[in-house]
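User: I'd like to learn how to read a few features of a protein model. Could you walk me through them, starting with a helix?
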Amino acid sequence: MTGPLAGILVADFSRILAGPYATMLLADMGADVVKVEGPRGDDTRTWMPPVRDGVSTYYLGVNRGKRSIALDLRDEADAKIARELARRADVVIENFRPGGLAKYGLDFETVRDGNPAVIYSSISGFGSGAGKDVPGYDLMVQAISGLMSLTGDPAGPPYRAGISVFDVMAGNHATIGILAALRHRDATGQGQHVEVNLLSSALTGLVNHSSAYVASGTVPYRMGNAHPSVFPYEPLPTADNDLIITAANDGQFRKLCEVLGIPEIADDPRFARNADRTERREELRPILAEQLRKRGALEWFDLLVEAGVPSGPINTIDGGFAMAERFELDPVVEVAGVPTTRHPIRFSETPVSYRLPPPGLDEHGAELRKWLEGPDD
């Protein structure tokens with residue numbers, strides 16, 4: 001195995017999205033990830049359509065690079081194998097309800113007794129305190145955290161984000177925590193418990209909106225695609241399609257006005273500073289839109305990017321991948337014939353690798369059982 005995490009064994013007792021996303025990132029970076037599934041497999045194996053060769057693309061999207069073993073933790077023989085895997089692992093990651101693995105001897109305290117250096121990462125919906133018994137699903141957290149109150153048309157109902165944004169965010173936070181804990185273990189020899197919950201990930205992920213509330217008592221509200229503190233920072237109409245324009249500082253706004261052929265607007269005292277433009281957005285928006293309607297979105301995109309003004313067309317997913325190809329980001333890699341999205345981090349000295357396709361249920365069960373039932377080498 002290669003990569004910055006080569007030699008690290010990860011026992012993955014997680015399922016669905018946040019945990020599997022984290023362990024996929026670790027696998028890409030060289031960790032040996034053993035995916036422990038129940039007899040029926042990860043729930044996402046059944047989340048379809050869409051499918052590829054009869055397999056859920058949801059499952060395929062977050063499970064490359066792993067080996068699968070199916071264990072029924074209610075069966076003592078299987079639970080014993082799971083405990084042995086946890087005893088040998090550098091990292092254990094799980095997203096059961098807090099305390100849910102204790103009856104199998106797979107909770108942090110029990111695992112640590114046999115493996116003092118273990119990094120044990122738990123992902124939950126609402127933490128291990130008063131919220132420990134509340135099931136944690138991303139849509140619930142989008143609602144509870146306030147994100148949905150910020151998403152959608154001001155005159156319409158709240159909307160969820162198009163992806164399970166807080167599952168992905170929590171998976172990233174778990175990965176960061178695991179890497180930091182491994183660094184601490186390298187320095188001290190000590191393992192530790194790394195806890196992540198979706199609601200905390202959500203509240204920190206709301207960034208400026210969270211700060212508006214905790215620092216000033218301001219409760220943000222839905223503004224559609226507009227930004228509460230910056231203008232222009234939203235879609236604006238062109239001759240064909242809307243174009244995202246994000247002129248977030250005075251210099252970018254001046255360049256925007258120059259490209260649009262209205263340089264005098266940048267010197268207009270009504271729009272001199274971002275605070276002025278934000279306050280008078282209803283005056284400024286039609287001025288910009290009048291010029292933008294003279295060309296199409298893609299033509300403006302090329303002109304604005306050349307001038308250093310951040311902008312972008314509003315694509316469907318296929319257009320997003322096409323744009324990544326245009327920028328030579330090579331967004332798709334194939335792993336044993338299965339197309340998958342490239343790992344987002346590039347290392348100059350220890351590149352990521354894509355060793356294994358998403359595994360079939362218990363695909364590696366026989367070899368893993370033989371290893372775990374044998375001597376610890």
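User: Which residues of helix 3 are buried?

Analyst: This is a predicted model, and a residue counts as buried when its relative accessible area is under 20%. In helix 3 that group consists of D78, A79, I81, A82, E84, L85, A86 and R88.

User: Where does the charged end of R88 sit?

Analyst: Happy to follow that one! R88 is among the buried residues of helix 3, and its charged end sits over the ring of W371, 4.9 Å from the ring centre. A second case is R15, whose charged end sits over the ring of F96, 4.1 Å from the centre of that ring.

User: How do I read a pair of aromatic rings?

Analyst: Two values describe such a pair: the distance of the centres and the angle of the planes. The count of aromatic pairs here is two. One of them joins W47 and Y58, with 5.1 Å centre to centre and 85° between the planes. Planes over 60 degrees apart count as edge-to-face, so the W47 and Y58 pair gets that label.

User: Which parts does the pair of W47 and Y58 tie together?

Analyst: W47 lies in the loop between strand 2 (32-37) and strand 3 (51-52), while Y58 is in helix 2 (residues 57-60), so the pair ties together parts that are 11 residues apart in sequence. W47 is partly exposed at 33% relative accessible area, and Y58 is partly exposed too, at 30%.

User: Now zoom out: how many helices and strands does the protein have?

Analyst: It has 16 helices and 13 strands. Of its 377 residues, 46% are buried. The accessible surface comes to about 18,800 Å², with 54% belonging to carbon and sulfur atoms. Finally, among contacts between residues at least 6 apart in sequence, 67% join residues at least 24 apart.

Terms used
Residues are numbered from 1 along each chain as its sequence is written. This is a predicted model: local features need pLDDT of at least 70, side-chain atom pairs count only at pLDDT 80 or more; totals for chains, interfaces and linings use all residues. Side-chain values use heavy atoms; hydrogens and water are left out. Rings of Phe, Tyr and Trp (its six-membered ring) pair if their centres lie within 6.5 Å; planes under 30 degrees apart count as stacked, over 60 as edge-to-face and the rest as tilted. Helices (H or I, at least four residues) and strands (E, at least two) are DSSP runs, numbered from the N terminus. Buried means under 20% relative accessible area, exposed over 50%, partly exposed in between (1.4 Å probe, protein chains only). A charge sits over a ring if NZ of Lys or CZ of Arg is within 6 Å of the ring centre and within 35 degrees of the ring normal. Contact means heavy atoms within 4.5 Å. Accessible areas come from the Shrake-Rupley method with a 1.4 Å probe; for residues, only the protein chains shown count as cover.
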